[in-house]
Amino acid sequence: MALKITSRFRRLLQRPGSIDLGPYERMTAAIAECEESVEVLTDEELTAAVEALRTEGGLDEDALIEYLALAREAARRAIGERAFDGQLVGAIALLGGRVIEMATGEGKTLAGAIAAAGYAIGGRRVQVMAVNDYLAHRDAEWMGPVYKLLGVSVSAVGQASTPDERREAYQAEICYAPVSEIGFDVLRDRLVADPADRVSAKPDVALVDEADSVLIDEARVPLVLAGASSSEEIDDDVVALVRTLRAGVDYEIDGDGRSVALTDKGTDVVEAHLGGIDLYDEENLDRMTQVNVALHAEVLLRRDVDYLVRDGKVHLVNTNRGRIAKLQRWPDGLQAAVEAKEAVPVSESGEILDSITVQALITSYPTLCGMTGTAVVVGEQLQEFYGVEVAVVPPNKPNIRKDEPDRLYLTVKDKQTALVEHIAEVHETGRPILIGTHSVEESEQLSELLEAAEIEHVVLNAKNDAEEAAIIAEAGVPETVTVSTQMAGRGTDIRLGGRDGSHDRDRAIELGGLYVIGTGRHPSSRLDDQLRGRAGRQGDPGGSVFFASLADELVTRYSVTSGLRPSPDSEGRLTDRKALGVLEHAQRVADGANHELHRNTWSYHRLTGQQRAIVLEVREKVLTDDLAKTELADRQKERFDELVEQYGEEVVATAARTIALHHLDRRWTDHLAFLADLREGIHLRSLAGGMVHMKPIDEFNRSAIESFNALIADAWNDAAETFATAEITADGLNVEASGVARPTATWTYLVNDNPFGTEADRILGRLRNLVKPDAPAIEDVVPSEVDLDTEFVDLPPELRDADDDEDDTDADAGTDVNAETDVNAETDVNAGTDADEDKADTDEDKKK
């Protein structure tokens, strides 16, 4: 009843929340009435009954009720799980195109499988998008017996899948695959020279698992397909030189740790070391680029935070999950710079052949639905970007987890000391503990502290991700302490007493259940909720607490502490309302900044998507029709007729198609490079402040349209010119001799699409400078058009006007906080970026 009242109140205020589940709940009563009639069916009869419901127009209400009764019985027989009413409500909501919110352990996987099969029986093809290979294969295999009993085909795609395996898998009625793999397959299919080489299927229904992560966190990250062009070597003398440069003297890092640049003194040092050259002379552009990327790699990218070195290779780390981001890399010379920094072989470089954002990929599906444990908090974004509503499914049993207030400390050292002491205290009782850290580096630092305290534990991070699920599944065993990076193991249930509940489950319950400890607040409260949600599954007891400090990256990057006068106790803990308010405020600003980043990325990619659609339409006609033959026969009639007479029309038509595809792809690649440079320039103009009267996005669109207008015509002119001199024989076109060879290799990666930070980042960076001596007045720092009270960051009153009644002795403590903030700012790395699967910097970052 309370949920219904809240839902109606939210709709009255036009605020996103849960839709009214009343109609769905009433259907569950009708489904229950059908159970007796389906229980007596044999397996063959059950499958036949489902087959009789198949249609091409979707299931009506009566057919849906009958199907759900059959699906519930199929799950009970096949995997021993009778779907709760809540799981059926979730399946109905998914079949209605909603994103459902179900708490951890409430059975989203089965609800999703029932919905996916329902779509298939209604004549649709479904792709269940997972966040990684493990979950895609696990869920396809786990739900396989259910699908078999329902007469529905199922498959899975992973990074190791061959083209033939992918092609076959996508033809199944239900295909489980990581969203990045689906996107990369789409990109590769766009560049095929033969329709038979395609692997992906026409998009129909996207059922997104961990929907908040995929639709919001990863949606703003472009997926990129690159082609090999050369091996980029970074000179050893440049790498050695960069290591000698001094922070604050030879180079400066911006306030949010996103970019680094040489100072005038640093430029002089570098120029002198390189033989007195002028770095900014056009002939030294390559050297300047090498210095910039080497400096970026040395200063801003940290081993065991942004990447790992394993088997002589640099592997990017997905900071959302603490896993290795396989088959991904940084663009342009930045990858080579990191490899040179770590003294490993430099891999091939390349150019972007095509790219697509996760959002653009998913919005290409006519029907979208999804499931997650945290959807309401991003309900506005789901409506804004996807037009989908949220359905909150109540838990089968009430949540009795106890969430303790945050424990806030002055410094990171104080926090770590208190954290280890608290872990030791809880561990002595035998209660199982799961500790969530933010990076591989932090997990290993904490591991060292726990070892020093003689606390036995297991570490789960990107260095042993193959054992991730097995480790996390045992985190509910008494006496167990598990240290995990971010949401590693997400999607795996943590059952008290271990995966089969046989290891002292009753004792784990008596001790209070799984105890989740966060080593710091995440940039989004939603990520905190996801970590907390690992405890208290299906009515089990559990608890959670977060430790934080005013020197944490979240606070130093997203809040202003200059007006704060903290009064820590003897252990460095802060309990006053203002200090805790800073932490809450920083998280709200981070949430807003990420929302802006998502909107900003989508704004810049919408026009590109429309232009890509035009190119793809022409490319499809070239690939499958006679457009290339028609165009080149018209433009080079004499040459065309001569070749046809010599070698036959089929040979010439094939050569014409190959040439036309090459130049269309070539022009599109060049256009993407132009847009990347244009995007960088547009941002630089916006940073100038008030110099550009036109909005950056409007200027970007205007220039992008001008560049694109002649693209198709120029591609045909290039093709005609090549056709006139191409080496064509009875064996066909010599692609090498004719200059239309395709890339010798391709690879995929994800990139951060916010090289300059958000507007909030930039203004916050200016405000931070106010803590420095002789800082300018706030009016000189913040643009006049920005209203701090409304438009900017909603600073809390305690930060706008510091109280004068604080004890003067507190000022020293405040100074200490700011000093530590400066240190963290200089060592901060790419705060807030994400890629896929992953955290990856753009080439725009390194060019600065």
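**Notes on the predicted model**

1. Confidence first. The protein chain has a mean pLDDT of 80, with 79% of its residues at 70 or more. Keep in mind throughout that this is a predicted model.

2. Two stretches to read with care. Over residues 752-848 the pLDDT stays under 50, and the model has 237 contacts there beyond four places in sequence. Residues 686-692 also stay under 50, and for that stretch the model has 5 contacts beyond four places in sequence.

3. Helix 2 against helix 5. Helix 2 covers residues 22-39 and helix 5 covers residues 85-95; their axes lie 9 Å apart, and the packing angle is about 120 degrees. The two helices are therefore oblique to each other, since the roughly perpendicular range ends at 115 degrees and roughly antiparallel begins over 145. As for handedness, helix 2 makes a right-handed crossing with helix 5.

4. Who meets whom in that pair? On the helix 2 side you'll find Tyr 24, Glu 25, Met 27, Thr 28 and Ile 31, and these meet Asp 85, Leu 88, Val 89, Ile 92 and Ala 93 of helix 5. Sorted by class, this contact has 7 nonpolar residues, 1 polar and 2 charged.

5. Helix 3 against helix 7. Here the axes of helix 3 (residues 43-52) and helix 7 (residues 133-150) come within 7 Å, crossing at roughly 75 degrees. That angle falls in the 65 to 115 range, so the pair counts as roughly perpendicular. From helix 3, Asp 43, Leu 46, Thr 47 and Val 50 meet Lys 148, Leu 149 and Leu 150 from helix 7. The class tally for this contact is 4 nonpolar, 1 polar and 2 charged residues.

6. Leu 554, in helix 22 (residues 553-558). Is this leucine buried or exposed? Its relative accessibility is 7%, so Leu 554 counts as buried, the cut-off being under 20%. Setting aside residues up to four places away in sequence, Leu 554 touches Arg 521, His 522, Pro 523 and Ser 559, along with Leu 583, Ala 586, Gln 587 and Ala 590. For a sense of distance, His 585 is 31 residues away along the chain, and its C-alpha atom is 9.9 Å from that of Leu 554.

7. Ser 161, in a loop. This serine is in the loop that runs between strand 3 (154-156) and helix 8 (163-170). Ser 161 is buried because its relative accessible area is 14%, which is under the 20% limit. Beyond its neighbours within four places in sequence, Ser 161 is in contact with Ala 156 and Arg 166.

8. Two backbone points worth a look. Most residues other than glycine have a negative phi. Asp 504, which is not a glycine, has a positive phi near 60 degrees. Gln 538 is not a glycine either, yet its phi is positive at about 45 degrees.

9. Where do those two sit? Asp 504 has its place in the loop between strand 19 (481-485) and helix 20 (505-510). With a relative accessible area of 46%, Asp 504 is partly exposed. Gln 538 lies in the loop between helix 21 (525-532) and strand 21 (542-549). At 29% relative accessibility, Gln 538 is partly exposed as well.

Key:
Residues are numbered from 1 along each chain as its sequence is written. This is a predicted model: local features need pLDDT of at least 70, side-chain atom pairs count only at pLDDT 80 or more; totals for chains, interfaces and linings use all residues. Side-chain values use heavy atoms; hydrogens and water are left out. Axes are lines fitted to C-alpha atoms, for helices over the stretch in contact, and angles run from 0 to 180 degrees between N-to-C directions. Helices (H or I, at least four residues) and strands (E, at least two) are DSSP runs, numbered from the N terminus. Angles under 35 degrees count as roughly parallel, over 145 as roughly antiparallel, 65 to 115 as roughly perpendicular and the rest as oblique. A crossing is left-handed if the near helix is turned anticlockwise from the far one by less than a right angle, and right-handed if clockwise. Contact means heavy atoms within 4.5 Å. Ala, Val, Leu, Ile, Met, Phe, Trp, Tyr, Cys and Pro count as nonpolar, Asp, Glu, Lys and Arg as charged, and the others, Gly among them, as polar. pLDDT is the predictor's confidence in each residue, from 0 to 100. Buried means under 20% relative accessible area, exposed over 50%, partly exposed in between (1.4 Å probe, protein chains only).
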